[in-house]
Amino acid sequence: MDPNTQALENPETKSSEEQSSHAIVAPHDTLPFATLSLSISLPKILQTPSLESKIQSLFSRHPSKVKVPTQASSLAHLSLSTAAPVPSKLSFKSTISANPLQNPLSLGPRRPLDPNNGAGIRRAAIVWFRNDLRVNDNECLNTANNEAMSVLPVYCFDPRDYGKSSSGFDKTGPYRASFLIESVSDLRKNLQAKGSDLVVRIGQPETVLLELAKAIGADAVYAHREVSHDEVKGEDKIESAMKEENVEVKYFWGSTLYHLDDLPFKLEDMPSNYGGFKEKVQGLEVRKTIEALDQLKNLPSRGDVEAGDIPSMADLGLNPSATMSQANASMVGGETEALQRLQKFAAECQAQPPKGAKDGSNESIYGANFSCKISPWLAMGCISPRSMFDELKKTAARTISASSNRNDGGSPDTGMNWLMFELMWRDFFRFITKKYSSANRQIEAPVTACTGALA
């Protein structure tokens, strides 16, 4: 005879105060993760001996196997309790868990408890690269990868940036265009090395980004803000287009040494001369650089978006001159080249005696070679001003230490100091352009100011 059946027919006598808890195992044809546990408390509540003995027989020394109906097999935990002297009905509480040993898993998608923590809440996001063609110290790229399950990096060659201006000059000359193409190509390689890629299109960003957002079901577009009049107008167009599709546009600031939010004045109250600006910002703390992520999120699987080819000069309507090959050999665009040049410049500063030294060995970064020659990479965003500041701080610390050991009484960080002033000049021009671009949004008056690097 089946021992379970025998246990039901010949119950053992046990105290009514005894409490037991046994597992009821579902049949093998149910879901593999579905388990059921039954917990019963039996104080002095069951006064009928026949009923009590039958229930107690269910919990003999050897746990019984009981088949669970299909309707109950989806329950992960079942609790039965009795509190009244004579229970009128049973109380059940159930939760679903993929693993009974882990915390219960809700039926809906997981959301962060803190609404300010956006990690993992977005299905897909687009990172729109502009003048920030780098993976290091890129808050926009890092934030998108921290907040979305998949990320699509995009760069647009806007046709409006090419061709002839109203004055008859090239809007983008062949040298700049060649440098930009190389920088975009280097960015794609750096993204691929981290498990991502770069989608490249020729077209107006407000149209291209909207089509891509629809294709992949993007929740948001991440981008760095720019400062000139036309760029600010472009941002407005993108926000309007995305708003109709319920796609959020999140902008970041990352093109200056000092952060826009850290300025000790409102932008509209910014001094209009460099002396006044320098006096107010010179004591500000420079924010720390943001380290690049080791691995980036995968591209969205929805939409089957092709990466696209990086255009040639001819694709942009430009005719490269015969003299360009020699210039391109000495100036290669991209973040990789920018970091190498920064390290080289820092090494020169460390080895350079103070300006005005009597030995006359100060010709490498002064005189005809006064510049650090990193301006083109700064202008394209292949390197950030904060990255330069960090590297120069490290170099200054090493140089000062070496100078102390020599005890020559010099100022070995003089070369770094003048570069800091040049970076502040660059900040001044970008902030003053931002000030008047924002002020003239509504009256559509163009603003002319140098936004390139003076360093």
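Biologist: Which residue in E4 stands opposite isoleucine 126?

Modeller: This is a predicted model, and in it the residue opposite isoleucine 126 is leucine 152 in E4. The two strands, E3 and E4, run parallel and are joined by five bridges.

Biologist: What is the order of the strands in the sheet that holds E3 and E4?

Modeller: The sheet is open and has five strands, in the order E5-E4-E3-E6-E7, with parallel pairing. Strand E5, residues 199-202, and strand E7, residues 248-252, stand at the edges with a single partner strand each, so one side of each has no neighbour in the sheet. From one strand to the next, the twist averages 25°.

Biologist: How many residues of E4 are buried, and which way do they point?

Modeller: Seven of the seven residues of E4 are buried, so the strand is mostly covered, where buried means under 20% relative accessible area. Val151, Pro153, Tyr155 and Phe157 point one way from E4, while Leu152, Val154 and Cys156 point the other way.

Biologist: What is the general idea behind a nonpolar core, and which residues touch the most other members of the largest one here?

Modeller: In soluble globular proteins, nonpolar side chains tend to be buried together. In this structure the largest nonpolar core has 63 residues, and Phe129, Phe157 and Met388 are those that touch the most other members. Leaving aside neighbours within four places in sequence, methionine 388 is in contact with Leu342, Cys372, Ile374, Leu378, Ile383, Leu419 and Leu423. There is also a second, separate core of 22 residues, which includes Ile126, Val199, Ile238 and Val247.

Biologist: Where is arginine 134 placed, and is this residue buried or exposed?

Modeller: Arginine 134 lies in the loop between E3 and H3, and at 2% relative accessibility this arginine counts as buried. Not counting residues up to four places away in sequence, arginine 134 touches Phe129, Leu141, Leu187, Gly254, Glu335, Gly381, Cys382, Ile383 and Ser384. One of these partners, glutamate 335, is 201 residues away along the chain, yet the C-alpha atoms of arginine 134 and glutamate 335 are separated by 5.7 Å.

Biologist: What does arginine 188 touch?

Modeller: Arginine 188 has its place in helix H4 and, at 13% relative accessibility, counts as buried. With residues up to four places away in sequence left out, arginine 188 touches Asp197, Leu198, Val200, Ala307, Gly308 and Ile310.

Biologist: How should I read a positive phi, and where is aspartate 137, which has one?

Modeller: Aspartate 137, although not a glycine, has a positive phi of about 50°. This aspartate is in the loop between E3 and H3 and, at 3% relative accessibility, counts as buried. Asparagine 246 likewise has a positive phi, of about 60°, although it is not a glycine, and is found in the loop between helix H6 (229-244) and E7. At 71% relative accessibility, asparagine 246 counts as exposed.

Biologist: How many residues does H6 have, and which of them are buried?

Modeller: H6 has 16 residues and reaches 24 Å from its first C-alpha to its last, which is close to the 22 Å expected at 1.5 Å a residue. His229, Val232, Gly234, Glu235, Ile238, Ala241 and Met242 are buried in H6.

Biologist: What do the totals for the protein chain look like?

Modeller: The protein chain has twelve helices and seven strands, and buried residues make up 42% of its 455 residues. Among contacts between residues at least 6 apart in sequence, 77% join residues at least 24 apart. The chain exposes about 25200 Å², of which carbon and sulfur atoms supply 52%.

Notes. Residues numbered from 1 in each chain as written. Predicted model: local features only at pLDDT ≥ 70, side-chain atom pairs only at ≥ 80, totals over all residues. Heavy atoms only, no water. Core = buried A, V, L, I, M, F, W, Y, C linked by side-chain atoms within 4.5 Å. Buried < 20%, exposed > 50% of the residue type's maximum accessible area, 1.4 Å probe, protein only. Contact = heavy atoms within 4.5 Å. Pairing = 2+ DSSP bridges. Helix = DSSP H or I, 4+ residues; strand = E, 2+ residues; numbered from the N terminus. Axes fitted to C-alpha atoms, helices over the stretch in contact; angles between N-to-C directions. Areas by Shrake-Rupley, 256 points an atom, 1.4 Å probe, with all protein chains shown as cover. Expected span 1.5 Å × (residues − 1).
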